[in-house]
Amino acid sequence: MLELEARAEPSRLMAWASPLLAVALMLVGGLAVFAALGKDPVEGFRVFFLNPVKDLYALSELLLKATPLMLCAIGLAIGFRANVWNIGAEGQFMLGAVAATGVALYFGDAESALVLPAMVLAGAAGGAAWAAIPALLRTRFNANEILVSLMLVYVAQLFVSWLVFGPWKDPDGFNFPQTRMFAEAATLPMVIEGTRLHFGFAIALAALVAGYAFINRSHAGFRMRVAGEAADAARYAGFSATRMIWVGLLLGGAAAGLAGMGEVAGPMGQLTDKVGSGYGFAAIIVAFVGRLNAFGILLASLLMALLYIGGEQAQQYLNLPNSISMVFQGMLLFFLLGADVFIHYRLRLRRRGT
Amino acid sequence: MTHRRQFVLSAAALAVAATLPFAAHAADAAKVGFVYVSPIGDAGWTYQHDLGRKELEKTLGGRIETRYVENVAEGADAERVIREFAASGSKIVFATSFGYMNYVERVARQFPNVTFLHATGYKSAKNFAPYNARFYEGRYLNGVIAGKMTKSNVLGYVGAFPIPEVLQGINAFTLGARSVNPNVEVRVIWANSWYDPGKEREAAMTLISQGADMLTHHTDSTATVQAAEEKGVYAFGYHSDMSKYAPKSQLTATTHHWGEFYARTVDAVLGGTWKPEGVWGGMKDGMIRLAPLNPAIPADVQAMVKELQGRITAGSLHPFTGPVLDQAGKERLAAGAVMDDATLGRMDYFVQGVGSRLPTAK
């Protein structure tokens, strides 16, 4: 009889093998889904997984889509490691976009080279400020940061709507909910000419490196890891829980805010009420699939971006329903959670009757 | 020798043509792409556009081949979808929601040989033009029926966002109702979403509890007419004929019909006669119609609506004919004047007769 048995200590091999196993199972499941929908599985596979990387332009789109996921996820991972559960990166993303837009609109058509750096700072500060609310409520009143950060997403959405329907509405925009288009000086330059891949991608890569250094090489990161893995030990060592909550939320908020800045100063070129595209929520999946680790997050954000774009392609070329992306994301998470069981447990074959 | 080679070539060509009749056929067909903002579903804005796409396929047959992507958010992702259509050989791309405008504009610049049509926007270029329908014409007639049939003199309206298109609808509905019953008041509740059945239903219920006995909506779901059916009040559907969701309640609906326009436009583009001019079609063009009138509407009202519809179609009646006064009593259009399209496109106020206030009045 098969039986699950607790391992003496978590398997490091499984911790890394589990996401790979989940991806493999998702691919197999995907082929079955294509076949069940009456499409040639090989063709489906080609459209879904190879089209998004078929040439330089397609690749640039993949990296563009992965950029905000990387930024949000690396920020979240820092908090998650210390059991600080910031679920509201989506709201912090929007506030970062708002703050950056404020700078862009303030400078108007000014051709100053300082506009973009100011927008980057404003984006990070906006996101961090929004994350400071749950941090304050948690440390002062012990209010659950999961609920507070999540609910602030809706507040952020309404705030963005108010701005674009009200004070920031483009005066020449026929009352539509959008700001003016940003001036050249407030738009991020491109990494590859002729594509939409902007310098936010470089910022995201830098954030991944910084995240790696913080988590794995700094004392503050070490304290946070200890707090997450052994709360009692952290308390005994005198690590300040309050400080960890602040650091976790502020860094998560700042990273999400940067991602929001990249979106308005990059592919959108303006602020609209559609700025929140779910990156903040998807980043939670990315952070976990990436094992809360910088390199893992890099791979997981690329995979997640691939699932989004592959789903679009499957619609465009195979006329598959739009929910196909969600089906793949769902399978990925399902198999990951399933495979994760084997980090702490192993299968053992036991003879009946013993 | 030459003859022989020619024979071999033509025989080979024949063989290829015989084995691949569909492939050869498909290669000739011009590709047309559609970008939809919501799932197609079975009623609503996108559903009507998809009906239009099917009608286009039927009308132009083998000359074209259509593709679509549904539920494309009006954010940065839209540009990739639109570009992908253009890059993969589509001749024409229809982007069917306002929020795609700036993305369409950018892709249109990169693909000068592809024609882009954008619904409900205002920008254009050499290969890029907007199109829209005069929804307010149907709304005015809905208002006339509501004004005639209401007992409480309170009419309820569930709106999405206070943009000109929605305000035109609310104001035309109000003007229609007031033209036959100066005592009516229209109350508006914003769902702040194009599609949110839960909020739409809540708004409809609130309006009913405030005494509204006629409801309509400018949102995508069938929640409002369903709420009306449940509570036993009357309603006017929007986008699609929603009578199957509210057989007793729906008096009629303002319905959208894009098929003929799509066929005409694609035909013109393929024939090289298309010009980048904005199209704003109404009842005259068959782009706006009324769903069959519910027998609950008294015969004299039915006759009146038919007569008014005839006049709108003929162009002798415009719903926005002066005097038009806004809520503050300010004259927005002088007596006898007809509102021009540019002024309609900038509408940012409620007319007299609307009880609610605009959320972001400056």
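What share of the contacts in chain B with a separation of 6 or more comes from residues 24 or more positions apart? I looked this up and found 63%. Two residues count as in contact if their C-beta atoms, placed from the backbone, lie within 7 Å.

**Entry 1: ground rules**

I am working with a predicted model, in which local features need pLDDT of at least 70, side-chain atom pairs count only at pLDDT 80 or more, and totals for chains, interfaces and linings use all residues. Residues are numbered from 1 along each chain as its sequence is written, while chains are lettered from A and ligands numbered from 1 in the order in which they are written.

**Entry 2: chain B**

I found 12 helices and 14 strands in chain B. Helices (H or I, at least four residues) and strands (E, at least two) are DSSP runs, numbered from the N terminus. Along the principal axes, the C-alpha atoms of chain B fill a box of roughly 90 × 40 × 40 Å. Of the 362 residues in chain B, 47% are buried. A residue is buried if 20 or more other C-beta atoms lie within 10 Å of its own, exposed if 12 or fewer, and partly exposed in between, with C-beta atoms placed from the backbone.

Chain B splits into domain 1 (2-133) and domain 2 (135-255 + 290-345); such bounds come from an automatic or database domain assignment. The C-alpha centres of these two domains of chain B are 34 Å apart. I noted 9 residues from domain 1 of chain B and 10 residues from domain 2 of chain B in the contact. On the domain 1 side, helix α3 (residues 45-60) of chain B gives the largest share, 3 residues. That side of domain 1 of chain B has 5 nonpolar, 4 polar and no charged residues. Here Ala, Val, Leu, Ile, Met, Phe, Trp, Tyr, Cys and Pro count as nonpolar, Asp, Glu, Lys and Arg as charged, and the others, Gly among them, as polar.

**Entry 3: chain A**

I read off domain 1 (1-28 + 322-354) and domain 2 (40-319) for chain A. Their C-alpha centres lie 29 Å apart. In chain A, 11 residues of domain 1 touch 9 residues of domain 2. On the domain 1 side, α1 (12-36) and α13 (324-344) of chain A each supply at least two residues, and α13(A) has the largest share with 7 residues.

**Entry 4: one helix pair**

How do the axes of helix α8 (residues 219-229) of chain A and α10(A) cross? They come within 11 Å and cross at roughly 110°; axes are lines fitted to C-alpha atoms, for helices over the stretch in contact, and angles run from 0 to 180 degrees between N-to-C directions. So α8(A) is roughly perpendicular to α10(A), a label for angles of 65 to 115 degrees. The α8(A) residues in the contact are A220(A), R223(A), M224(A) and A227(A).

**Entry 5: the largest core**

I found 113 residues in the largest nonpolar core, a core being a set of buried Ala, Val, Leu, Ile, Met, Phe, Trp, Tyr and Cys residues joined through C-beta atoms within 7 Å. α10(A) gives the most to this core, 15 residues. Domain 1 and domain 2 of chain A both give residues to the core, so it lies between them.

**Entry 6: where the chains meet**

I counted 22 residues of chain A in contact with 26 residues of chain B. Helices α6 (145-165), α10 (241-268) and α12 (294-318) of chain A each supply at least two residues of the chain A side.

How values were computed
Parallel < 35°, antiparallel > 145°, perpendicular 65-115°, else oblique.
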